[in-house]
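Trainee: Before we go through the features one by one, could you show me the model and take me through how each kind of feature is read?

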Amino acid sequence: MVSISLNPLFVDTSRIRAEIRTLQPQIVEWRRSLHQKPELGFRELLTSDFVAQKLQEWGISFQKGIAKTGVLATISGNRPGRVFAIRADMDALPIQEENDVPYKSQHDGVMHACGHDGHTAIALATAYYLSHHRDNFAGTVKIIFQPAEEGLGGAEPMIAEGVLKNPDVEAIVGLHLWNVLPLGTVGVRAGALMAAVECFELTIHGKGGHGAIPQQTIDSVVVGSQIVSALQTIVARNIDPIDSAVVTVGEFHAGTAHNVIADTAHMTGTVRYFNPAYKGYFGQRMEQIIKGICEAHGATYEFKYWELYPPVMNDGAIANLVRSVAEDVVESPLGMVPECQTMGGEDMSFFLQEVPGCYFFLGSANAVKGLAYPHHHPRFDFDETALGMGVEIFVRCVEEFCQ
Ligand code: NI
């Protein structure tokens, strides 16, 4: 259990805001520099050099090369106290940027299309601010610059290499700039924020033949189609309707010609759910269905199922801390969006399995400025005003938690 005593009188919020506003042009500059040099997971060499160089310049102690390209900054207050962590991801996506902006990606086919350049800039600015205000917090703040969030899972090797230990982290926060929400809003909630991500691959082996002579074949397309439909009954009929879950078949490849019955069919897909109690369930239930249908038709199959990320589960007390601080930062309780759950996944979940914490969405869309494309879109960009808000939320969380 984490106990939190909020003491608004202790933290001088107007001072924090005024200073971060002064810092804003630099935060934007850092973000744009990072945006121009996007790098894929575990290859964030320039990014991690950029981060390390800034930390060095500011006299912040850090460790580089954790989980290949991760960086851990450690900033101690001037009094002993608790240990708090902030996590930012640094990787980009294999997308060709279509924005025509001066800070456009200079790396062909690679783009910061999810906002991780912004996360890195926010974490850097938080490090800068805290290192200049060591009297304002007790204990230690660890800032974790994580590689490879996009599917490769950089969080696990960072944890395995000890970023949460020595000194042991007591609470962790992280954010995602979020174009689903407009600028000036924050999505935060206790419990599940994002879903577990699991994946599967299925190959059905039938018996091919002439399209007009089906009696001599085992049609892998017919078998596969029944499987696709039957898999939907897991969500519709096997899990508690109060829980949310998704089974998506994303690929279905079979056949070579209109008059040939396909010998094999290949499918891939993803499963999402919030309730951790379903860990292990979907893969098992899917195989029962696949096995039954294949046997009924005399087909055989190969089925691979694996768990990528667990659900992002927020601790109640730390979510409360973030909520109370964020309400102040967005200057209105109306800016708070508690119904902000998404079936998207995030490997922040691994950190949250280790220590209590809170991951939250920072609204970053601005339709008036044309900054409302969804994440992973070649024209994705966000309103950079959100950067300062992110720093303010992080700094205030530190000053509240580490009193
Ligand atoms: Ni992302």
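Mentor: Let us begin with helix packing: α1 and helix α2 (residues 45–57) pack with their axes 10 Å apart and at an angle of about 155°. Axes here are lines fitted to C-alpha atoms, for helices over the stretch in contact, and angles run from 0 to 180 degrees between N-to-C directions, while helices (H or I, at least four residues) and strands (E, at least two) are DSSP runs, numbered from the N terminus. This is a predicted model, in which local features need pLDDT of at least 70 and side-chain atom pairs count only at pLDDT 80 or more, whereas totals for chains, interfaces and linings use all residues. Residues are numbered from 1 along each chain as its sequence is written, and side-chain values use heavy atoms, with hydrogens and water left out.

Trainee: Which term describes how α1 and α2 lie to each other?

Mentor: Angles under 35 degrees count as roughly parallel, over 145 as roughly antiparallel, 65 to 115 as roughly perpendicular and the rest as oblique; α1 and α2 are therefore roughly antiparallel to each other. A crossing is left-handed if the near helix is turned anticlockwise from the far one by less than a right angle, and right-handed if clockwise, and α1 passes α2 in a right-handed crossing.

Trainee: At what angle do the axes of α1 and α9 cross?

Mentor: The axes of helix α1 (residues 13–36) and helix α9 (residues 385–401) cross at roughly 135° and come within 8 Å. That angle makes α1 oblique to α9, and the crossing of α1 and α9 is right-handed.

Trainee: What is the volume of the largest pocket?

Mentor: Rolling a probe the size of a water molecule over the atoms shows where empty space is left. On a 1 Å grid over the protein atoms alone, a pocket is an open set of points where a 1.4 Å probe fits, with protein on both sides within 12 Å along at least five of seven lines, and lining residues have an atom within 4 Å of a point. Grid points are joined across faces, edges and corners, and a volume is the space filled by probe spheres set on the points; for the largest pocket the volume is about 400 Å³. Its lining has 23 residues, of which C114, E150, G344, G345 and H376 lie nearest the centre, and the largest share, four residues, comes from β5.

Trainee: Which residues does the cis peptide bond join?

Mentor: Most residues other than glycine have a negative phi, and most peptide bonds are trans. Here a cis peptide bond, with omega of about 0°, joins N166 and P167, and P167 is found in the loop between α4 (155–160) and β5. A67, a residue other than glycine, has a positive phi near 50°, and A67 is placed in the loop between β1 (61–66) and β2 (70–76).
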